Amino acid sequence: MPRALIFDVDGTLAETEELHRAAFNATFADAGLDWRWDQPSYRRLLKVTGGKERMRAWCDERGAAGPDPASIARLHQAKTAHYGRLLSAGALQLRPGVAALIARARSEGLALAVATTTSPANVEALCRACWGKPATDLFDVIAAGDEVAAKKPAPDVYLLALERLGVSPHDALAFEDSRNGLCSALAAGLPVVITPSLYTAGEDFSGAAAVLPTLVGFWPSLGSADLGQS
Ligand code: XBP
Ligand code: MG
């Protein structure tokens, strides 16, 4: 039985990427840029984790010099504001099984953490939109992409979450939706449950402890080496 559950946010707690994409496109339009990310482009660009890194990759892909790092950071701040507004409009729901798993983990005394590429502001906005509660009411620890040297698939953000939780990887279980996230958690020594999402279905999930369509009915009752529906 794990002592802690560590959740990815985007694609795992909720299908957020279409809202992220809309927020990027609104930001580009506001800035007078002729950039527009359609679904096929975004699928390709999602292999690059992190919004600032994704914009830089887009410029590189087009062979354009693009904005300097400070301008990329300003565009990303504007994108975060758009994303927060879209979330607060209330259209997003948690993926099936997520709320029940987190509620049960809390009631049975497990520690709960987030290990995400996105910002603490976006985690807060999502928790308020989907649970009507601040993130700190739900999660003991939040580890975010800009707090670490290297984003997923590097292990850094999971190692930070483990350090803040004070548990070893063998006593924790990670929940992810993407290959980048899987590689990050595995490299930190964690067993990983995958629920593929809109943009990650069909990726290679070799090494996952389980690949499930949703977390409905999921409870790690037999220990992290033997994961199943209960
Ligand atoms: C998700 C991401 C994030 C979001 C955008 O990766 O890569 O970049 O798409 O968030 P994961 P920001 O689910 O593996 O953590 O724009 O705030 O970076
Ligand atoms: Mg994800």
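Predicted model: local features only at pLDDT ≥ 70, side-chain atom pairs only at ≥ 80, totals over all residues.
**Entry 1: β1**

I started with β1 and found both faces covered: Ala-4 and Ile-6 on one side, Leu-5 and Phe-7 on the other, all of them buried. Buried here means under 20% relative accessible area, with exposed over 50% and partly exposed in between (1.4 Å probe, protein chains only). Strands are DSSP runs of E with at least two residues, helices are runs of H or I with at least four residues, and both are numbered from the N terminus.

Residues are numbered from 1 along each chain as its sequence is written, chains are lettered from A and ligands numbered from 1 in the order in which they are written, and side-chain values use heavy atoms, with hydrogens and water left out.

Next I looked just ahead of the strand. Pro-2 is in the segment before β1 (4-7), and Pro-2 is buried, at a relative accessible area of 4%. I also checked Pro-2 against Ala-103: they are 101 residues apart along the chain, and their C-alpha atoms are separated by 15 Å.

**Entry 2: partners of β1**

Which strands pair with β1? I got β2 (residues 111-116), parallel over 4 bridges, and β4 (residues 172-176), also parallel and joined by 4 bridges. Two strands pair if DSSP finds at least two bridges between them. On the β2 side, Phe-7 has Val-114 as its bridge partner. On the β4 side, Leu-5 is bridged to Leu-173, and Ala-4 stands opposite Ala-172.

**Entry 3: β4 and the whole sheet**

I moved on to β4. Here 5 of the 5 residues are buried, so β4 is largely enclosed by the rest of the structure. Face by face, I have Ala-172, Ala-174 and Glu-176 on one side and Leu-173 and Phe-175 on the other. β4 also pairs with β5 (residues 192-194) in the parallel sense, over 3 bridges, and Ala-174 stands opposite Val-192 there.

Zooming out, I traced an open sheet of 6 strands with parallel pairing, in the order β3-β2-β1-β4-β5-β6. Its edge strands, β3 (141-144) and β6 (210-211), each pair on one side only.

**Entry 4: ligand 1**

What surrounds ligand 1? I count 18 residues, the closest being Arg-54, His-76, Lys-79, Thr-117 and Thr-118; the cut-off is a heavy atom within 4 Å.

Then I went through some polar contacts (pairs of N or O atoms within 3.5 Å). Lys-79 puts a polar side-chain atom 2.7 Å from a ligand 1 oxygen. For Asp-10 a backbone N or O atom lies 3.0 Å from an oxygen of ligand 1, and for Gly-50 a backbone N or O atom lies 3.1 Å from one. Taken alone, ligand 1 exposes 450 Å², and the protein buries 97% of that; these areas come from the Shrake-Rupley method with a 1.4 Å probe.

Last, I asked which elements give two or more residues to the shell around ligand 1. They are α1 (17-30), α3 (51-61) and α4 (69-88), and α1 gives the most, with 3 residues.

How values were computed:
Polar contact = N/O pair within 3.5 Å; in protein donor to acceptor, adjacent residues only side chain to side chain.
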